[in-house]
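Trainee: I have a model on screen and want to read it feature by feature. Could you take me through it?

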Amino acid sequence: MKQIGLKDKKRRAPWRNYLSAFNRAHNKAKQKLDASLPLLEHINELRKRLFKALGAVVLTTAISAYFASQAIDYLAGPIGGRDALVSIEVTENIAIFMRVSLLGGLLLGMPIIVYQIARFVLPGLKKNESRWLFIGIPFASILFAGGMGFTWFVMIPTAVPFLTTFLDITTQVRPQNYFEFITKLMAWIGLSFEMPLIAFILAKFKIITGKQLLKGWRYALVGISILAATITPTVDPVNMGLVMLPLCGLYIFSIFLAWIGGRN
């Protein structure tokens, strides 16, 4: 009887080994899942914040679309108004309407976008750091609007006459080309004006310091030159210099803000 019991035990041993191995694999997988839950929670939180930021841009774009016609009249001023524009494609007019609406929506929705980003990183910040972050939210919109204002009042009055009268050849301007040029220039320079705020936040996170930015001014000058050449619609040094000058000033201001941000 004992021998039969031992034989049954041996016969069941492979099943026990299989179940034991299955349980070990299950426990190991569960441990990995538990360890990955914080990462999954962060990804889910980021998804929610991005969805809210996108929803805000959609809403502000819809609001901006209501005033898009007046904005188009205003933006067409440097070229001589709508009468100076010649549309040659069926969808061209609706395309510029949507482009202008989106630019206005981006400008109006910038505080909400920055706020959602701030809410995502807020749990990992100290109380003092979170206070500075929320103070910086309105400045993001101010800097973006400042960059757009600089483009409109300083760059556009110089660039448009240069482009349309070059070689004394009559230029018939297409709406799509003109508004793409205007909106792209304003958007890129507006984003470039966020440089001081980004430097301040990175200094608060101890990622950079004002001393590092000061030492790297040569590399920054090369980067600014490349950025200015990319943004500037013309190849002449006058318009490129008009972009480089404020960017260099913003870099100097970024050094100062990074020095303040890294003090405490």
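Mentor: Begin with a term. A helix here is a DSSP run of H or I with at least four residues, and helices are numbered from the N terminus. Tyrosine 66, for instance, is found in helix α1. Keep in mind that this is a predicted model.

Trainee: How many helices and strands does the protein chain have?

Mentor: Nine helices and zero strands. Along the sequence, the pattern reads α-α-α-α-α-α-α-α-α.

Trainee: How do I check the span of a helix such as α5?

Mentor: Take 1.5 Å times one less than the number of residues. Helix α5 covers residues 175–192, 18 residues in number. From first C-alpha to last, α5 reaches 25 Å, close to the expected 26 Å.

Trainee: Which residues of α5 are buried?

Mentor: Buried means under 20% relative accessible area. In α5, the buried residues include Pro175, Tyr178, Phe179, Ile182, Leu185, Met186 and Ile189. Across the protein chain, 34% of the 264 residues count as buried.

Trainee: Why look for nonpolar residues among the buried ones?

Mentor: Because nonpolar side chains tend to be buried together in soluble globular proteins. Here the largest nonpolar core has 48 residues. Tyr178, Phe179 and Ile189 touch the most other members. Elements giving two or more residues to this core are α2, α3, α4, α5, α6, α8 and α9. The largest share, eleven residues, comes from α4.

Trainee: Which residues does tyrosine 178 contact, leaving aside its neighbours within four places in sequence?

Mentor: Leu75, Ala76, Pro78, Ile79, Leu85, Val160 and Val173. Now widen the view to contacts between residues at least 6 apart in sequence. In the protein chain, 81% of those join residues at least 24 apart.

Trainee: What about the surface? Which residues form a nonpolar patch there?

Mentor: Leu59, Ile63, Tyr66, Phe67 and Leu108, with about 570 Å² of accessible area together. Helix α1, residues 2–66, gives the most, with three residues. A patch member needs over 30% relative accessible area. Tyrosine 66 has 65%, so it counts as exposed.

Trainee: Next, salt bridges. How many are there?

Mentor: Look for a side-chain nitrogen of Lys or Arg within 4 Å of a carboxyl oxygen of Asp or Glu. By that rule, the count is two. Aspartate 73 pairs with arginine 82, with the closest N and O atoms 2.5 Å apart. Aspartate 73 is partly exposed at 41%, and arginine 82 is partly exposed at 41%.

Trainee: And which side chain meets glutamate 92 in a salt bridge?

Mentor: Arginine 174, at 3.2 Å, N to O. This pair links distant parts of the chain, 82 residues apart. Glutamate 92 lies in helix α3, arginine 174 in the loop between α4 and α5. Glutamate 92 is buried at 0% relative accessibility, whereas arginine 174 is partly exposed at 26%.

Trainee: One last residue. Is leucine 202 buried or partly exposed?

Mentor: Partly exposed, because its relative accessibility is 28%. Leucine 202 sits in helix α6. Not counting residues up to four places away in sequence, leucine 202 touches Ile207 and Ile208. Leucine 202 and glycine 261 are 59 residues apart in sequence, with C-alpha atoms 8.2 Å apart in space.

Conventions. Residues are numbered from 1 along each chain as its sequence is written. This is a predicted model: local features need pLDDT of at least 70, side-chain atom pairs count only at pLDDT 80 or more; totals for chains, interfaces and linings use all residues. Side-chain values use heavy atoms; hydrogens and water are left out. Patches are made of residues with over 30% relative accessible area and no salt bridge: like charges are joined within 9 Å, nonpolar side chains (Val, Leu, Ile, Met, Phe, Trp, Tyr) within 5 Å. Accessible areas come from the Shrake-Rupley method with a 1.4 Å probe; for residues, only the protein chains shown count as cover. Buried means under 20% relative accessible area, exposed over 50%, partly exposed in between (1.4 Å probe, protein chains only). A nonpolar core is a set of buried Ala, Val, Leu, Ile, Met, Phe, Trp, Tyr and Cys residues joined through side-chain atoms within 4.5 Å. Contact means heavy atoms within 4.5 Å.
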